[in-house]
Amino acid sequence: MSDQQLSGEVYYPSKEVIKHAHAKCDELYKFAEENLEGFWAKEAKELHWFKKWNKVLDDSEKPFYKWFTGGKTNIAYNCLDVHVETFRRNKLALIWEGENGEFRSFSYFSLRRESCKFANVLKSLGVQKGDRVTLYMGRIPELMIGMLACARIGAIHSVVYGGFSVESLHERLEDSQSKVLIVADGSYQRGKIVQLKKIADEALQRAATVESVLVVKRTGEPVNMEAGRDMWYHELMNLPIANNACNIEVMDAEDPLFILYTSGTTGKPKAILHTHGGYMVGVYSTLKYVFDIHEDDRYWCAADPGWITGHSYIVYGPLLNGATSFMYEGAPTHPYPNRWWQIIEKYGINILYTAPTAIRGLMRFGEAWPNRHDLSSLRILGSVGEPINPEAWRWYNRVIGKEKCPIMDTWWQTETGMFMITPLPCMPLKPGSGTKPFPGLQMDILDESGNPVKANEEGFLVIKTPWPAMIRTLYNDPERYVNQYWSKYPGYYLTGDSARRDEDGYYWIIGRVDDVIKVSGYRLGTAEIESALVSHSAVAEAAAIGLPHDVKGHAIYTYVILKAGFEKSEKLAEELRQHVGHEVGPIAKPESVEFVDSLPKTRSGKIMRRVLKAKALGQDPGNISTLED
């Protein structure tokens, strides 16, 4: 594959990169293509099972696929206990740096000890296998410890991103029927404190199922502690109940591990359900091969554990591989734009995995900042969250990677759980392309009628083969799961993204085809933003669209019809921006609020957002025969 001559701008891997890689490209792809189940069975055998599976893939109830049926395992056991029982016992599992310069580190032994102690605390509060536990905090070790503690005892964790606000947290607590909320008193972001406990208190006023709230002291700012409900994490961890040993819950391969909410085309976020067995095998294998994880590597995924990238490639993937992982709490540019480059030099980071938004944001400050630092420890770079534009790819390659670090540009989703379209280090790269599907996966690009499109034509991206880390269902909503992902092209998983494939078979992701906006790599539903606007007393109707943005990828633009008696003003526009930030989260604040007298709608009342988008970009809106007016 490495000596194949390809069209366009191509970067070929060095002999050193190919020699270092875990697998030879051609051999790996050939084996996986010829024997899909055999390939995944081989990967699964590298992990620990209390009881081996009877069947690798059970497709008898499509699209409710099952993997490693009959197998018994526990992902937390594979993340921690397996390593503690080997030479990795005292190896660093996690290195953490706070935005304010604080430092903590955990060996595999100490990380297991902390997660066992916390698992016992949860059990003392009545948390049992299958109960839901919500975690709401910044990028701190306790988030990882909490997730592992839940997995250890078979509880289902639901992590809510620490940038989400009252309504988003409340909605997720209610939908998951969570028994316990674990929240930090606050988090540091760009030198300021985000009042997480205060936000949680407001959300909890309407969350009936939450019985206990465990508060992690991060900032030390005074917070409200409600008697009988709120308890300090550090106090509980010092009680005799927080024993260092906690028996592992033996889980069926198909037992739920976590739910994670992602924006959909309707107002209600979708609760994606992942399981212990298949998810474990998928994230273990993909991280091993794509980032070529070796024993002495220091790996840094700069995402947030509140998103799927953090679940798969900050928490579970690195620990399953026995890697040393780095976590940083704060912003890339605090207090100066060299913070990341300083970290790479200080800790000897070998692998950096981040989002195009961050790369573009740091590009703005020029080359002098990174050039002040020794980045020679870097071996592989990665990109995630949205398509990376070629200009940012080249800067990342030249300035950060010094033209010696292959860039693993990964496409995948909350639903897929693992990398789906991605290079391996042994592959030639094209700036802006995710290259090809991971070994064993078959994908296609279809037109509206379900026919494959020609080379370089745009169409709907679909996945044709099942994969181990795939979504099992939408929590408590199997009908919506089938309708959302499997109904447009029966037998194929609809990704919701448009893409094209070039003459070399390389995939190029174009963007969402539904009403979902990606801001800085995070998915936000137009319905969520519009609902937040309409919840304001001045707003009668609203529409939200995403428009191209140099740094964020997309920015949110909104159109608002006011109720009678309210006047258009800059002050009101800013008030509405802040209102959306309060209801959904700061990341959802619109770039612009434009007051209008009407919105383009179909005769059935559906807002035609493409018309708004075309108008904003000065483009032809196309066929508008279905417009009501």
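**Close-up views of a predicted model**

**View 1. Surroundings of Tyr316.** Once its neighbours within four places in sequence are set aside, Tyr316 is in contact with Ile75, Cys79, Met147, Leu148, Ala151, His157, Leu257, Tyr279, Val283 and His311. The model shown in this and the following views is predicted. Together with Phe291, Tyr316 touches the most other members of the largest nonpolar core, which comprises 198 residues. Helix α6, spanning residues 141-153, provides the largest share of this core, with 9 residues. Apart from this core lies another one, of 9 residues, including Tyr559, Ile561, Leu599 and Leu612.

**View 2. Packing of helix α4 against helix α11.** Helix α4, formed by residues 75-84, packs with helix α11, formed by residues 308-320, at an angle of about 50 degrees, and the axes of these two helices are 8 Å apart. On the α4 side, the contact is made by Ile75, Asn78, Cys79 and His83, while α11 contributes Tyr316, Leu319 and Leu320. By residue class, this contact of α4 with α11 consists of 5 nonpolar and 2 polar residues, with no charged residue taking part.

**View 3. Ala151 in helix α6.** Ala151 is located in helix α6, and because its relative accessibility is 0%, Ala151 counts as buried. When neighbours within four places in sequence are left aside, the residues in contact with Ala151 are Asn74, Ile75, Ala76, Leu257, His276 and Tyr316. Ile75 and Tyr316, both listed here as contacts of Ala151, also belong to the contact between α4 and α11 shown in View 2. Between Ala151 and Thr309, which are separated by 158 residues in sequence, the C-alpha to C-alpha distance in space is 18 Å.

**View 4. Ser187 in strand β9.** Ser187 lies in strand β9, which covers residues 187-189. What is the relative accessible area of Ser187, and is this residue buried or exposed? The relative accessible area of Ser187 is 8%, and Ser187 is therefore buried, since that term applies to values under 20%. Leaving aside neighbours within four places in sequence, Ser187 is in contact with Gly138, Lys192, Ile193, Val194, Leu196 and Thr219.

Definitions and conventions
Residues are numbered from 1 along each chain as its sequence is written. This is a predicted model: local features need pLDDT of at least 70, side-chain atom pairs count only at pLDDT 80 or more; totals for chains, interfaces and linings use all residues. Side-chain values use heavy atoms; hydrogens and water are left out. Axes are lines fitted to C-alpha atoms, for helices over the stretch in contact, and angles run from 0 to 180 degrees between N-to-C directions. Helices (H or I, at least four residues) and strands (E, at least two) are DSSP runs, numbered from the N terminus. Contact means heavy atoms within 4.5 Å. Ala, Val, Leu, Ile, Met, Phe, Trp, Tyr, Cys and Pro count as nonpolar, Asp, Glu, Lys and Arg as charged, and the others, Gly among them, as polar. A nonpolar core is a set of buried Ala, Val, Leu, Ile, Met, Phe, Trp, Tyr and Cys residues joined through side-chain atoms within 4.5 Å. Buried means under 20% relative accessible area, exposed over 50%, partly exposed in between (1.4 Å probe, protein chains only).
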